[in-house]
Every structure is written in C-alpha cells, then in structure tokens.
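Hello,

Here is the structure I promised to pass on. Please open it first, then read my notes below.

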Amino acid sequence: MKNERFHKGLEQLCAIDGTNGEQVIKSLEDISPDLGRFIVEFAFGDIYTRPGLTLQERELITITSLLTAGGCEAQLDVHLHAALHVGIAPEKIIEACLQCIPYTGFPRVLNAVFAAKEIFQEKGMHVKYK
C-alpha cells in the first residue's frame, strides 16, 4: 500500500516532469521498485514540496547540481525536460549552465549545453540572444 508521502510525491513528480518522471519510476519496477518509491517519497514528496523555492528555482538548482557532478547525463536529460515543462526558458537554462564554468569547468558545462541543445531541437525550440 502506498502512503501519503508517495501520493504527494507522485503528484509533484507529475506536475514537474509530466509523463517522463513516471516513466523513470516505472522503468525501475522490475529491477528496484524500492528505489522508485524512495525517489517519489523522498525527493518529490519531502524535498520538492518544501516551501521557500519555486519549482523553476528547484529545477535550475537540480540542473546545475547534475552538471557539476558530471556523469549524470540521463538524469540531466530528465531534468532539462522538467525545467522546460515548468516554464523555464531555454535562454535561462543556458545562462545557468554558463554560470557554472568558473566553478565546474568547460567540459562539464559543454556536456550539459549539448544535452540541452539536443532537447531544444527535439522540441523545436531555439535559444534567442539579444
């Protein structure tokens, strides 16, 4: 039986990621359903529902955290989609990536920007510069 944290987390996950997040959780059912439950309950039920930050701010922080960690491209893709889903403009995503250069370095930022470029192209979006 699923608890209140799970239901609250699943609701938040769907609001952020649409169907992409649910697909990630479903993909864990045959290998590690507990991991899927932990993600839904803790990350989305406990953390993402806290007051103090908007969903857009949370997604920008998540993107830059994954960028900084490196080697998290699959999760970065999910959260880039989520960022767009919650209304973050492509330009803001790229600017957040650029902000990481002095602290993380060019290789990780390049990886994130190329991941974003691929997603923007899939969605027919373009970065607009002034």
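Asp46 and Arg5 form a salt bridge, with their closest N and O atoms 2.6 Å apart. (A salt bridge here is a side-chain nitrogen of Lys or Arg within 4 Å of a carboxyl oxygen of Asp or Glu.) Asp46 lies in helix α3 and Arg5 in helix α1, so this pair ties together parts that are 41 residues apart in sequence. Helices are DSSP runs of H or I with at least four residues, and strands are runs of E with at least two; both are numbered from the N terminus.

A note on the source: this is a predicted model, where local features need pLDDT of at least 70 and side-chain atom pairs count only at pLDDT 80 or more, while totals for chains, interfaces and linings use all residues. Residues are numbered from 1 along each chain as its sequence is written, and side-chain values use heavy atoms, with hydrogens and water left out.

Back to the charges. Arg5 also forms a salt bridge with Glu41, where the closest N and O atoms are 3.6 Å apart. This pair links distant parts of the chain too: Glu41 is in helix α3, Arg5 is in helix α1 (residues 4-17), and they are 36 residues apart.

How covered are these residues? Glu41 is buried, at 5% relative accessible area. Arg5 is partly exposed at 35%, and Asp46 is partly exposed at 26%. (Buried means under 20% relative accessible area, exposed means over 50%, and partly exposed is in between, with a 1.4 Å probe and protein chains only.)

Glu41 sits in helix α3 (residues 33-47). Leaving out residues up to four places away in sequence, Glu41 touches Asn3, Arg5, Phe6 and Asp46. Contact means heavy atoms within 4.5 Å.

Asp34 is partly exposed at 41%, and so is Arg37 at 28%. Arg5, Asp34, Arg37, Glu41 and Asp46 are linked in a network of salt bridges. The structure holds four salt bridges.

Next, the cysteines. How many disulfides are there? The count is zero, taking a disulfide as a pair of cysteine sulfur atoms within 2.5 Å. Cys72 is in none, and its nearest cysteine sulfur, that of Cys100, is 13 Å away. Cys97 is in none either; its nearest cysteine sulfur is that of Cys100, 6.5 Å away. Cys97 is buried, with a relative accessible area of 0%. Cys72 is buried as well, at 17%.

On the surface, Phe106, Leu110 and Phe114 form a nonpolar patch with about 340 Å² of accessible area together. Patches are made of residues with over 30% relative accessible area and no salt bridge; like charges are joined within 9 Å, and nonpolar side chains (Val, Leu, Ile, Met, Phe, Trp, Tyr) within 5 Å. Accessible areas come from the Shrake-Rupley method with a 1.4 Å probe; for residues, only the protein chains shown count as cover. Phe114 is in helix α8 (residues 106-122). Phe114 counts as exposed, at 51% relative accessibility.

Last, the overall layout. The chain is assigned domain 1 (1-50) and domain 2 (54-129), with bounds from an automatic or database domain assignment. Their centres, taken over C-alpha atoms, are 22 Å apart. In domain 1, 12 residues are in contact with 10 residues of domain 2.

Best wishes
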